[in-house]
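This report walks through one protein chain, from its overall layout to a few single residues. Keep the model open while reading.

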Amino acid sequence: MKAKTWLAVLALAVVFLMAGAPARAGVVWPKGMSDHGYLEVHASSNLPASKVGNYVADNVLDGQKETAWAEGAAGDGLGEWIQFNLSPGFVVTTIGIWNGYQKSAERYYQNARVKSATIIYADGSRQKIYLKDQVGVQTFNPKPGAAESIRIVIDEAYPGAKWPDTCISEVDVYLNVEQ
Ligand SMILES: [Ca+2]
């Protein structure tokens, strides 16, 4: 199948899925965008599930700030990362990060939050970002034409009052069709 035809099929599938089917794990429908593809997310580590929930990478794409990815390395998890692979023919236009575990104000401060991170693109280029220690979403402009994948590496963390685990509740990866 020719690339153009394939893209048309993908676009139709996206429209169909948006029309009625519920979002499934690993797929994100960025809020307010009309052209978007699929995303797959995985991480370098995650905290094992507890009695109250799990902390897997998919939690950053479920649209709920009450669930989070928590890295599973020792300490604040510096050097741990979460990576998004996106469908061919799409580029990332905006990245929104819901820092920390935003289930509640208490949970937010009990766990560590990202203070700074490095975004690593598929071509190996890097972008340093700094995050505020606050709830809600913080948006960043990726490098123009960012395609294939983005990896967010934790460089520094705001320490948690109770647990050292660094958390991210949601990542809104806005996609657009590659021009
Ligand atoms: Ca979530």
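## Conventions

Helices (H or I, at least four residues) and strands (E, at least two) are DSSP runs, numbered from the N terminus. Residue numbers start from 1 along each chain as its sequence is written. The model is predicted: local features need pLDDT of at least 70, side-chain atom pairs count only at pLDDT 80 or more, and totals for chains, interfaces and linings use all residues.

## Overall layout and confidence

The chain holds 2 helices and 9 strands. Read from the N terminus, the order of elements is α-β-β-β-β-α-β-β-β-β-β. Of the 179 residues in the chain, 31% are buried. A residue is buried if 20 or more other C-beta atoms lie within 10 Å of its own, exposed if 12 or fewer, and partly exposed in between; C-beta atoms are placed from the backbone. Contacts are residue pairs whose C-beta atoms, placed from the backbone, lie within 7 Å. Among contacts between residues at least 6 apart in sequence, 73% join residues at least 24 apart.

Confidence is given as pLDDT, the predictor's score for each residue, from 0 to 100. The chain mean is 84, and 79% of the residues reach 70 or more. Residues 5-29 stay under 50, and the model has 21 contacts beyond four places in sequence for them. Over residues 31-35 the pLDDT is also below 50; this stretch has 4 contacts beyond near neighbours in sequence. Where pLDDT is low, the predicted coordinates should not be read in detail.

Two strands pair if DSSP finds at least two bridges between them.

S1 and S3 pair antiparallel over 5 bridges. Across them, valine 41 stands opposite phenylalanine 84 in S3, and glutamate 40 has asparagine 85 in S3 as its bridge partner. S3 and S8 also pair antiparallel, over 5 bridges. There, phenylalanine 84 stands opposite isoleucine 150 in S8, and glutamine 83 opposite arginine 151 in S8. S5 and S8 run antiparallel and are joined by 8 bridges. Isoleucine 119 stands opposite isoleucine 152 in S8.

## The four-stranded sheet

A second open sheet has 4 strands in the order S2-S9-S4-S7, with antiparallel pairing. Its edge strands are S2 (69-70) and S7 (138-140), each pairing on one side only. Strand S4 (residues 90-99) and S7 pair antiparallel over 3 bridges. Glycine 96 has threonine 139 in S7 as its bridge partner.

## The nonpolar core

A nonpolar core is a set of buried Ala, Val, Leu, Ile, Met, Phe, Trp, Tyr and Cys residues joined through C-beta atoms within 7 Å. The largest has 36 residues; Val60, Trp69, Ile82 and Ile168 have the most contacts inside it. The elements giving two or more residues to this core are S1 (39-43), S2, S3, S4, S5 (113-121), S8 (149-158) and S9 (167-177).

Where does isoleucine 82 lie? It lies in strand S3 (residues 81-86). S3 has a covered face of Ile82, Phe84 and Leu86, and an uncovered face of Trp81, Gln83 and Asn85. Isoleucine 82 is buried because 22 other C-beta atoms lie within 10 Å.

## A positive phi

Most residues other than glycine have a negative phi. Glutamate 148 has a positive phi of about 70° although it is not a glycine. Glutamate 148 lies in the loop between S7 and S8. With 15 other C-beta atoms within 10 Å, glutamate 148 is partly exposed.

Methods
Two residues are in contact if their C-beta atoms, placed from the backbone, lie within 7 Å.
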